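Dear colleague,

Please find the structure below for your records. My notes on selected side-chain contacts follow it.

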Amino acid sequence: MQNKRVLTLAGLLVAVGLVATTACSDQHGAAQAPAPAAAVKTAFPGLTPASGEPTLDGLSQQHPAPGTVATVPGPFDDRFDFADLTLNRDAVSGSIKVTSDVSEILELQVIAGLYDSNGQLLHTGRFVYHRTEDGHDHQAPEELETFSIALPSQLHGRVASAAVGVPVLVNE
Amino acid sequence: MSTRIRTGSAAAAVVLLAGAVGTGVVSSTSATAAGGSNGRVKNVIYLLGDGMGRTHVTAARERFYGAAGHLAMETMPVVGQVSTYAVEKNSGQPGAADFVPNYVTDSASAATAWASGVKTYNAALGIDGKGKVVPTAMELAKQAGYRTGNVSTAEITDATPAGQMSHALARGCQGPSYSDAACQDTKVTGALLPTSDVRVTPIADQIARNGTADVILGGGLARFDAADEKALQEQGYTVLGSPASQAVATRGNLASAQGDKVFGLFNKGNLTIEKYKREHPDSPQAAEPSLPEMTSKAIDLLAGNNGGGKGFYLQVEGALIDKRSHANDAAQTLEEMKAFDDAVKVALDFAKRDGHTLVIVTADHECAGFNIIEKGSFTNAEAAAPPVNVDGGNTANNSTPTRPGGNVKDPNRSTGIVNGAGASDPRNFAPATFRTPDDPAAVRDGSPEASLWLTYLSGNHTGADVPVFAYGSGAEAMAGSIDNTDLFTVVGRALGLAG
């Protein structure tokens, strides 16, 4: 019932809007214009909707040497520098310094592949940074973001190397 | 989905009506006071200086033309000021019981205001404050048979250009990949939306497939991929460079481009600042076209293929004014202002020749509290304490807290002109100084003798109103104080789209 009321109100508003449109637009012959909503394309045939979080093709092709943290190519590699990449018993960590823009980081994902001593991919983890407006936490623009991606406890002792890359990066 | 869109469209239509009543001055045939036009408006060129406050305009004028000079935008006959506030998530529109304003907008909320005529929350594009899809002026123009163009020095998926040709819960959902964090907002939708919903579809995917703009010029090639290139070509776009191979387009590609639909991105990210290109003429970045060049070409493409005389709607953004203001980099900000104003001149020259073009120049918000201070003076940021507020001779002028003294430069916070003697100190709050045409020839930038002293309040947006300049039929509607949502009404009325 509530939905019906919403639809009825929506229909009325559309009618009001179209009457206003028609009344004001005769100079341009817009009286026969289609409804404004029809101007919005909301479906994209041929575009496969996303089925999960982003990844990087290079993760499965890496075979980093034991004790190392390699980097995997991504779409934004010309916009940042990795620093202090470290793998220990508990986590892969490091920092990213955005070099292309001084405005705030809005979105950042760092993805990490974890490999055994033979270079076989065991697990993929990720660090996600999302700037929120909710707390009104307007800070000075920040270019540096540190990250740490925990190793699953069941893999402790088995992870020999790692590789990291960035599939998501947006600055304000 | 269809219900949501119907409701959203209705809201936009009502706002259009309300806006028209509120401004009450739109006339698409009265032209003399507003300059040049002699009748029906066929074209609208909407130029947006991102982050361009009133002081940005004044500083650029003084820097490049002197105190008695004028920027091209300042020669336009109609001048007004625009309020820019946003709303909080799930807010109603102004006047509604659940209306909750946010006094400082971001570029996304502001773009939605002028593109769709509704207030929305910061980060939202093409939706209202409650997440409902609303049509944009560019979509309506396209639907009505106008040719359309969108030009920016930012990534073309960035908020300002995206505000005309996408609908997204969050401006960070730019692509090429979807992610929950970047694209969803359950505080607005209650639950995760299916990834087929346009509001969580990466903006690059939308732009490459919705055909909203016939001419798309800017940066952000890294947001697009091979599938996007294929989708563009299937719609008839001439694609300059290649999203598939990530080969950026060049100025030469643009110069020779032809066709009804052209897509050209000249950098994988934002375009390069003018100052760098000027100082590095042999760099690859110097092959990027300037904003005036892109504007000129976009007008040629749109006016030369004008759909049987219907006309066109073109949006042009000088994006790097904002980005360099965030950085408090006055030297680069000023040169981006110059490039933007040169683009305004291109548009204005066309409008004067054409006689049927409305030109609007405005901003989405002010950035960084840009200020011109008196030569030799200093700001609070440089001071040991704020100005004295004690009047010993008349205690009625005293206030709380009392500050009897201390308003002197703090030597630790003011270590020399920031683009001069204090350039090596990253903690220095001193002004940047620039010579102007009014200065003797020997005066140099960064010296105490330079007459233009510029300072910043912060590295963030402010809530100040922004200027609007207009030329052509319908320009009178922008005189005085208006709201950024009124600009949707103005464009809609000019092109006969609504209201």
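**Charged side chains in chain B**

B:D445 is partly exposed at 36% relative accessibility; here buried means under 20% relative accessible area, exposed over 50%, and partly exposed in between (1.4 Å probe, protein chains only). This is a predicted model, in which local features need pLDDT of at least 70, side-chain atom pairs count only at pLDDT 80 or more, and totals for chains, interfaces and linings use all residues. Residues are numbered from 1 along each chain as its sequence is written, chains are lettered from A and ligands numbered from 1 in the order in which they are written, and side-chain values use heavy atoms, with hydrogens and water left out.

B:D445 forms a salt bridge with B:R63, with 2.8 Å between the closest N and O atoms (a side-chain nitrogen of Lys or Arg within 4 Å of a carboxyl oxygen of Asp or Glu). B:R63 is buried, at 19%.

A second salt bridge, of 3.0 Å (N to O), joins B:R54 and B:E74. B:R54 is partly exposed at 35%, whereas B:E74 is buried at 16%.

B:E74 also has a side-chain polar contact of 2.7 Å with B:R61 (N or O atoms within 3.5 Å, one able to donate a hydrogen and the other to accept it; residues adjacent in sequence count only if both atoms are side-chain atoms). B:R61 is buried, at 15%.

Kind regards
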